[in-house]
Amino acid sequence: MPENTNIIFFDEYKKLDKLCSEMYGKNSGGVTCYLNDMMAVPVMQRNRIPEWNQTYDRLRELRHIRNQMAHGEGSFEDYPCSEEDVLWLFEFRSKIMHISDPLAVYRRQTEESMHATRIKEDFPRAVDQWQTEESMHATRAKEDFLRAVDQSQTEGNVTDHQRMKMDNVEVIDQEENDSFEKKHSMLKEIAVFGLIVLIVAVAVLIFGNVYMKYFLIS
């Protein structure tokens, strides 16, 4: 196997490990952290993501080859490595950079599931809140209507009372006027009758004096 293929493989693995280390905020061991995270995902959820198991097995295998190259005895030529391995490391690093690797897909699905769950939980609360607000609004509207009716009735009662009071005053004034006119009419009748009596009395006196003088002279 050409020595330069193993060198390229080692260099490509180093780039992948550096990228993963930066993801986890570490100086090295990024690939191992990635594999540990894959192992921590429940089996049921792993099976929902295509190529999860194949990716884990292949990455674990290539890590072993790299560790043998770095810490084993002999030279790079002693370890099995192919151009296909180099290409796989390159493509996997590209997937991580484009957020299409298995862990990224898992996290995205988890976030979407949590978001859907929150929406499902928030919807009944939103409906309850809307119903509560509608009920409160209806209650306030009913209370305002009843207050308006009471106020209208009160104002109507006050108006009726004032109208009745004014009518009573007018009736009393009319009765007083009628009584005064009756008294005045009676006084006029008495005065006229007295005047007539006086005139008759004066006429009788005058007639009597004339009659007596006439007979006395005769």
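This is a predicted model: local features need pLDDT of at least 70, side-chain atom pairs count only at pLDDT 80 or more; totals for chains, interfaces and linings use all residues.
Residues are numbered from 1 along each chain as its sequence is written, and side-chain values use heavy atoms, with hydrogens and water left out.

The chain holds 6 helices and 0 strands, where helices (H or I, at least four residues) and strands (E, at least two) are DSSP runs numbered from the N terminus. Read from the N terminus on, the order of elements is α-α-α-α-α-α. Of its 218 residues, 20% count as buried; here buried means under 20% relative accessible area, exposed means over 50%, and partly exposed lies in between, with a 1.4 Å probe and protein chains only. The accessible surface of the chain comes to about 16,900 Å², and 59% of that surface belongs to carbon and sulfur atoms; such areas come from the Shrake-Rupley method with a 1.4 Å probe, and for residues only the protein chains shown count as cover. A contact means heavy atoms within 4.5 Å, and among the contacts between residues at least 6 apart in sequence, 69% join residues at least 24 apart.

We can now turn to how pairs of helices meet. Helix H2 (residues 30-40) packs with H4 at an angle of about 150 degrees, and their axes are 11 Å apart; the axes are lines fitted to C-alpha atoms, for helices over the stretch in contact, and angles run from 0 to 180 degrees between N-to-C directions. H2 passes H4 in a left-handed crossing, a term used if the near helix is turned anticlockwise from the far one by less than a right angle, whereas clockwise would be right-handed. On the H2 side the meeting residues are Val 31, Thr 32, Tyr 34, Leu 35, Met 38 and Met 39, and on the H4 side they are Trp 52, Thr 55, Tyr 56, Leu 59, Arg 60 and Arg 63. These residues divide into 8 nonpolar, 2 polar and 2 charged, where Ala, Val, Leu, Ile, Met, Phe, Trp, Tyr, Cys and Pro count as nonpolar, Asp, Glu, Lys and Arg as charged, and the others, Gly among them, as polar.

Leaving aside neighbours within four places in sequence, Met 39 is in contact with Arg 46 and Tyr 56. Met 39 and Asn 53 are 14 residues apart in sequence and, from C-alpha to C-alpha, 10.0 Å apart in space.

Helix H4 (residues 52-71) also meets helix H5 (residues 83-97), and their axes come within 11 Å and cross at roughly 120 degrees. H4 and H5 are therefore oblique to each other, since angles under 35 degrees count as roughly parallel, over 145 as roughly antiparallel, 65 to 115 as roughly perpendicular and the rest as oblique. The contact is made by Thr 55, Arg 58, Leu 59 and Leu 62 of H4 together with Glu 84, Asp 85, Trp 88, Leu 89 and Phe 92 of H5, and by class it has 5 nonpolar, 1 polar and 3 charged residues. Here too the crossing, of H4 past H5, is left-handed.

Beyond its neighbours within four places in sequence, Asp 85 is in contact with Phe 9, Arg 58 and Leu 62. In the loop between H4 and H5 sits Tyr 79, which counts as buried at 11% relative accessibility. Tyr 79 and Met 69 are 10 residues apart in sequence and 6.9 Å apart in space, C-alpha to C-alpha.

Two further loop residues concern the backbone. Most residues other than glycine have a negative phi. Glu 51, however, has a positive phi near 65 degrees; this residue lies in the loop between helix H3 (43-46) and H4, and is partly exposed, with a relative accessible area of 47%. Ile 99 also has a positive phi, near 55 degrees; Ile 99 lies in the loop between H5 and helix H6 (102-217), and counts as exposed at 52% relative accessibility.
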